[in-house]
Amino acid sequence: MHPDRTRSRDRARLERKQCSACAETKRAEDFYVSGGRLSSYCKNCQREASRLAYRRRRPDPAARAHMRTVDQLRKRQERARLARLDPERDRRADRARRAAVRRLIAVHEPEYLSRLQQELAALLGGGRDA
Ligand SMILES: [Zn+2]
């Protein structure tokens with residue numbers, strides 16, 4: 001490689017540089033290095049810029065709710081389309097789900113039974129109080 005470049009990089013590390021955002025002249029270590037060069041914004045200004053960019057990109061709650069509604073509608077339509085193509089699909093999925101639940105219960109049977117007893121006791125207790 002070119003030794004001159006290495007030397008100039010070493011020198012660059014000791015240099016001072018003016019931030020193009022806050023216009024302060026700072027030490028090289030106050031700037032992030034990007035692509036082998038010092039960033040044009042100092043670390044503080046870079047962090048602030050990233051924070052603002054993140055806030056701009058993040059959708060507001062109303063936009064998120066709208067996206068969720070659109071997504072739910074799209075999924076419902078997709079399920080309806082698949083059901084038309086293959087009417088047995090839902091029943092197969094239901095059987096697979098129930099088999100999965102049975103396997104899960106079989107693996108965790110003691111825990112399942114004790115939780116079931118807790119829930120039953122809570123239901124009965126609630127009934128007595130009412
Ligand atoms: Zn700055």
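**Figure 1. Helix 3 of the predicted model is hardly covered.** Among the 25 residues of helix 3, the count of buried residues is 0. Buried means 20 or more other C-beta atoms within 10 Å of a residue's own; exposed means 12 or fewer; partly exposed lies in between; C-beta atoms are placed from the backbone. Helix 3 covers residues 61-85. Its end C-alpha atoms are 36 Å apart, which agrees with the 36 Å that 25 residues should span at 1.5 Å a residue. The expected span is 1.5 Å times one less than the number of residues. This is a predicted model: local features need pLDDT of at least 70, side-chain atom pairs count only at pLDDT 80 or more, and totals for chains, interfaces and linings use all residues. Residues are numbered from 1 along each chain as its sequence is written.

**Figure 2. The whole chain has 5 helices and 4 strands.** Helices (H or I, at least four residues) and strands (E, at least two) are DSSP runs, numbered from the N terminus. From that end, the order is α-β-β-β-β-α-α-α-α. Of the 130 residues in the chain, 4% are buried. Two residues are in contact if their C-beta atoms, placed from the backbone, lie within 7 Å. Take the contacts with a separation of 6 or more: residues 24 or more positions apart account for 7% of them.

**Figure 3. Helix 2 is hardly covered.** Helix 2 spans residues 43-57. The distance from its first C-alpha to its last is 21 Å, close to the 21 Å expected for 15 residues at 1.5 Å a residue. The count of buried residues in helix 2 is 1. Glutamine 46 is found in this helix. It is partly exposed, because 18 other C-beta atoms lie within 10 Å. Beyond its neighbours within four places in sequence, glutamine 46 is in contact with Tyr32, Ser39 and Tyr41. Phenylalanine 31 is 15 residues away in sequence, yet the two C-alpha atoms are 8.5 Å apart.

**Figure 4. Five residues form the largest nonpolar core.** They are Cys19, Phe31, Leu38, Cys42 and Cys45. A nonpolar core is a set of buried Ala, Val, Leu, Ile, Met, Phe, Trp, Tyr and Cys residues joined through C-beta atoms within 7 Å. Cysteine 19 is in contact with two other core members, Cys42 and Cys45.

**Figure 5. Strand 3 and strand 4 form an antiparallel pair.** Strand 3 holds residues 31-34 and strand 4 holds residues 37-42. They share 3 bridges; pairing requires that DSSP finds at least two bridges between two strands. Serine 34 stands opposite arginine 37. The hairpin has 2 residues between the strands. Glycine 35 there takes a positive phi near 60 degrees.

**Figure 6. Alanine 23 has a positive phi, near 65 degrees.** Most residues other than glycine have a negative phi. Alanine 23 lies in the loop between strand 1 (16-18) and strand 2. It is exposed, because 9 other C-beta atoms lie within 10 Å.

**Figure 7. Threonine 25 lies in strand 2, residues 25-27.** It is exposed, with 11 other C-beta atoms within 10 Å. Leaving out neighbours within four places in sequence, threonine 25 is in contact with Arg16, Lys17 and Gln18. Cysteine 42 is 17 residues away in sequence, with its C-alpha 9.1 Å from that of threonine 25.
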